[in-house]
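Please keep the sequence and the structure in view while reading.

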Amino acid sequence: MAGQHSNKDDFFHGTAVAFGRRGVLIVGASGAGKSALAVELVARGAHLVGDDRVMLASEDGVLTARPRPGFEGMIECRGVGLLTVPSVPKAEIALVIDAGREERDRLPPPREILLFGCTLPLLHRAPGAHFPAAVLLMMTSGPQSDLPRPHGA
């Protein structure tokens with residue numbers, strides 16, 4: 001998944017949510033928990049950008065995500081069904097979470113991922129019920145110096 005990509009819009013296997021204009025891209029194989037984490041974040045105030053497939057593009061060095069047309073505001077919740085949730089049409093990705101890799105370090109080292117020519121902070125999914133709350137706090141109250149700011153913010 002990391003590596004060079006073109007600068008044009010493209011469908012990408014992942015789920016994205018936004019806190020304001022700042023987005024979190026959740027990646028991982030099917031069943032890794034992308035949608036489950038997104039449901040937790042939406043329940044805590046995030047807005048859905050797209051579930052399962054998102055359109056990513058590099059715009060002036062900023063990775064943007066948009067929903068797959070026809071699936072705006074819809075997310076799959078295993079064992080429940082398709083949910084209609086608050087959504088936004090676009091977010092500037094500030095953080096990537098690899099739901100398929102479990103964090104083993106108590107204080108993980110800074111990690112990055114290169115997507116569509118944009119280098120972004122990367123977290124592995126931490127075990128425990130605190131992880132969605134920690135992501136919410138990272139996106140809304142810090143350490144914001146570690147996350148890229150949207151243009152104009």
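A residue is called buried here if its relative accessible area is under 20%, exposed if that area is over 50%, and partly exposed in between. On that basis, buried residues make up 46% of the 153 residues in the protein chain. The model is a predicted one, and the values below were computed from it.

**Overall layout**

- The protein chain contains two helices and eleven strands, and their order along the sequence follows the pattern β-β-β-α-β-β-β-β-β-β-β-β-α.
- Among the contacts between residues at least 6 apart in sequence, 70% join residues that are at least 24 apart.

**Nonpolar cores**

- As background, nonpolar side chains in soluble globular proteins tend to be buried together.
- The largest nonpolar core holds 24 residues, and those touching the most other members are Val17, Phe19, Val24, Leu41, Ile97 and Val135.
- Two or more residues of this core come from each of the elements β2 (15-19), β3 (22-27), α1 (34-43), β9 (91-102) and α2 (131-141), with α2 giving the largest share, five residues.
- Leaving out residues up to four places away in sequence, Ile97 touches Val24, Leu25, Ile26, Val27, Leu37, Leu122, Leu123, Arg125, Phe131 and Val135.
- There is also a second, separate core of 20 residues, which includes Phe12, Leu63, Leu115 and Cys118.

**Aromatic rings**

- Two rings count as a pair if their centres lie within 6.5 Å, and planes over 60 degrees apart make the pair edge-to-face; by this rule the count comes to one aromatic pair.

**Second largest pocket**

- Rolling a probe the size of a water molecule over the atoms shows where empty space is left.
- The second largest pocket has about 240 Å³ of space and is lined by 13 residues, of which Gly31, Lys34, Ser35, Glu76 and Arg78 lie nearest its centre.
- The elements giving two or more residues to the lining of this pocket are α1 and β7 (74-77), and the largest share of the lining, three residues, comes from α1.

- Gly28 is placed in the loop between β3 and α1, where the residue is buried because its relative accessible area is 12%.
- When neighbours within four places in sequence are left aside, Gly28 is in contact with His13, Lys34, Asp98 and Gly100.
- Gly28 and Asp52 are 24 residues apart in sequence, and their C-alpha atoms are 9.8 Å apart in space.
- Asp52 is found in the loop between β4 (47-50) and β5 (53-59), and at 31% relative accessibility Asp52 counts as partly exposed.
- Although Asp52 is not a glycine, its phi is positive, at about 75 degrees.

**Other loop residues**

- Which loop holds Asp60? Asp60 lies in the loop between β5 and β6 (62-67), and Asp60 is exposed, with a relative accessible area of 74%.
- The phi of Asp60 is near 55 degrees, which is a positive value in a residue other than glycine.
- Is Pro110 buried or exposed? Pro110, found in the loop between β9 and β10, is exposed because its relative accessible area is 85%.
- Pro110 and Leu122 are twelve residues apart along the chain, and their C-alpha atoms are separated by 7.6 Å.

Terms used. Residues are numbered from 1 along each chain as its sequence is written. This is a predicted model: local features need pLDDT of at least 70, side-chain atom pairs count only at pLDDT 80 or more; totals for chains, interfaces and linings use all residues. Side-chain values use heavy atoms; hydrogens and water are left out. Rings of Phe, Tyr and Trp (its six-membered ring) pair if their centres lie within 6.5 Å; planes under 30 degrees apart count as stacked, over 60 as edge-to-face and the rest as tilted. A nonpolar core is a set of buried Ala, Val, Leu, Ile, Met, Phe, Trp, Tyr and Cys residues joined through side-chain atoms within 4.5 Å. Buried means under 20% relative accessible area, exposed over 50%, partly exposed in between (1.4 Å probe, protein chains only). Helices (H or I, at least four residues) and strands (E, at least two) are DSSP runs, numbered from the N terminus. Contact means heavy atoms within 4.5 Å. On a 1 Å grid over the protein atoms alone, a cavity is a set of points where a 1.4 Å probe fits but cannot get out, and a pocket is an open set with protein on both sides within 12 Å along at least five of seven lines; lining residues have an atom within 4 Å of a point. Grid points are joined across faces, edges and corners, and a volume is the space filled by probe spheres set on the points.
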